[in-house]
Amino acid sequence: IWDVYWGLRVDQCRCDVHFAEWLEELGVTDKRIYHFGSGGHHYVGIRCAEAELNCTVLSITASPKEYDAFVKLATGNPTITKTYSAYFGDIYTSNAKLLPHFDIVTLFHACEFRHEMNDAYGALTDREVIDLFTQQTDAGGYLLFYTGSFAYATAEPIIAEWAKSAPVKEVATFKTLRVFQKAG
């Protein structure tokens, strides 16, 4: 459980803002997106629901307050749930059998939440999470990482190791984001 509520402040959620700008700049539309870390603002889900992007987003949060904000958003604007859903959970217990395939996966918060206590219940490692979501990303799809994360120094060598062995190549940087594309 993450007992923090992230509102939309540029200094906190630059990754979400930059992600939406990346989608806009590339003219991306009608894609299936998995988003690690909804934030209480649910910015990615809300922006992707707009007609110019028209993407579907499944987002995970480990914050009860952020999940409550999603319930409030969905009850106040039920049409948002046609394209956006957030769920409460631990990304380190993700199971491929419960996940659809995606065109784009954001792993902005890699290495931010994994601790020794996760070992007690057999949670995945950060590398296993990255591998799982690579597997769930369709050929030609994208996986993105956030260089502004407080845990990026820990994530960077894991990303480098993954990039050497996974069927991906780094295709761009966009502001604070590193963009990899899965071989197709």
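Predicted model: local features only at pLDDT ≥ 70, side-chain atom pairs only at ≥ 80, totals over all residues.
Helix H3, spanning residues 64-76, contains 13 residues and extends 18 Å from its first C-alpha to its last, which is close to the 18 Å expected at 1.5 Å a residue. Its buried residues are Glu-66, Ala-69, Phe-70 and Ala-74; seen down the axis of H3, these fall within an arc of 135°, so they line one face of the helix. On the other side of H3, exposed positions are found at Asp-68, Lys-72, Thr-75 and Gly-76. The cover over the buried residues of H3 includes strand S2 (56-61) and strand S3 (84-88). These two strands, S2 and S3, run parallel and are joined by five bridges, with Leu-58 having Ser-85 in S3 as its bridge partner. Together, S2, H3 and S3 form a right-handed β-α-β unit.

The count of salt bridges comes to ten. In one of them, the side chains of Glu-24 and Arg-47 meet at 2.1 Å, N to O, a pair that links distant parts of the chain, since Glu-24 lies in helix H1 (residues 10-26) and Arg-47 in helix H2 (residues 43-49), 23 residues apart. Glu-24 is partly exposed, with a relative accessible area of 38%, whereas Arg-47, at 12% relative accessibility, counts as buried.

Arg-127 forms a salt bridge with Asp-131, with the closest N and O atoms 2.9 Å apart; the two residues are four apart in helix H4 (residues 126-135) and are therefore separated by about one helical turn. Arg-127 also forms a salt bridge with Glu-161, again with the closest N and O atoms 2.9 Å apart, and this pair links distant parts of the chain, with Glu-161 in helix H5 (residues 152-165) and Arg-127 in helix H4, 34 residues apart.

Methods: Residues numbered from 1 in each chain as written. Heavy atoms only, no water. Expected span 1.5 Å × (residues − 1). Buried < 20%, exposed > 50% of the residue type's maximum accessible area, 1.4 Å probe, protein only. Arc of directions from axis to C-beta. Contact = heavy atoms within 4.5 Å. Pairing = 2+ DSSP bridges. Right-handed = clockwise from strand over helix to strand, strands pointing away. Salt bridge = Lys/Arg side-chain N within 4 Å of Asp/Glu carboxyl O.
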